Amino acid sequence: MTSKPAAPGVSTAPAASQLPIFPLGNVLHPEGRMKLRIFEARYMDMIGECMRNDAAFGICLIDQGREVGEAATPHAVGVEAHIIDWDMTQPGVLHITVRGGRRFRIRSHQITQRQTVAAEVDWLMQETASVAPKFVSMQSLLRLIAADKGRDVIAEPHAFDEANWLAFRFAEILPIPPLARLKLLELDDADMRLTIIHQYLMEHGLIK
């Protein structure tokens, strides 16, 4: 019996990875930073377990439901989140900062007894590509933003010459709906992602 070839852009690992999922109203991008305020007991437990095991969790945009209350249904594509900083200045409220890692696609998920989402995920490949000359104006604009707003807006280390890094940073800071950010995240083609953002910037008079 011959096996089916892997779908384009999907890891060929024989088994899916297990990942706890945090459904949110926003999108985390690879190499991006996000600050989270954790106060629900179910997520305190989930994050605490990740911290004890030095493990990542996944962040997905909510498809159905809300951030609080019963577990929300996540969109299929998300990004793994690595905890890089935390503090608890008041009892029962945990503040964490996460860094975005690899993209993934949920293969299947279930709701746990604690009303959290546990998923099996396939990791999505993200090829490294240089920024094409036609997007040099985008590089210049982002360099200006980084110099003006600092690392709180454009997280270091910087990689202005890398196509996916450049596109994801714009996806984070542009005033677009979360679903539009997700659509950019789902793309496997870095050039296409930059083309869409380039068109947006031109239409809004931010580049020529």
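This report describes the overall build of the protein and then two of its residues.

The structure is a predicted model, in which local features need pLDDT of at least 70 and side-chain atom pairs count only at pLDDT 80 or more, while totals for chains, interfaces and linings use all residues. Residues are numbered from 1 along each chain as its sequence is written, and side-chain values use heavy atoms, with hydrogens and water left out.

**Overall build**

The protein holds five helices and six strands; these are DSSP runs numbered from the N terminus, with helices (H or I) of at least four residues and strands (E) of at least two. Read from the N terminus, the order of elements is β-β-α-β-β-β-β-α-α-α-α.

The radius of gyration, taken over C-alpha atoms, is 18 Å, which agrees with the value near 17 Å that a compact globule of 208 residues would have. That globule rule is 2.2 Å times the number of residues to the power 0.38. Along the principal axes, the C-alpha atoms fill a box of roughly 60 × 55 × 30 Å.

Of the 208 residues, 43% are buried, a term that means under 20% relative accessible area with a 1.4 Å probe, protein chains only. Among contacts (heavy atoms within 4.5 Å) with a separation of 6 or more, 65% join residues 24 or more positions apart. The protein exposes about 11,600 Å², and carbon and sulfur atoms supply 53% of this area; accessible areas come from the Shrake-Rupley method with a 1.4 Å probe.

| Residue | Relative accessible area |
|---|---|
| Arginine 42 | 8% |
| Isoleucine 207 | 9% |

Arginine 42 belongs to helix H1, which spans residues 41–52. Arginine 42 counts as buried because its relative accessible area is 8%. Its side chain reaches the backbone oxygen of glutamine 115 at 2.6 Å, a polar contact being a pair of N or O atoms within 3.5 Å, where within protein one must be able to donate a hydrogen and the other to accept it, and residues adjacent in sequence count only if both atoms are side-chain atoms. Beyond its neighbours within four places in sequence, arginine 42 is in contact with residues including Glu67, Glu70, Arg114 and Gln115.

Isoleucine 207 lies in the segment after helix H5 (190–203). With its neighbours within four places in sequence set aside, isoleucine 207 is in contact with Ser137, Met138, Leu141, His198, Leu201 and Met202. Isoleucine 207 and serine 140 are 67 residues apart in sequence, and their C-alpha atoms are 9.4 Å apart in space.

How values were computed: Buried < 20%, exposed > 50% of the residue type's maximum accessible area, 1.4 Å probe, protein only.
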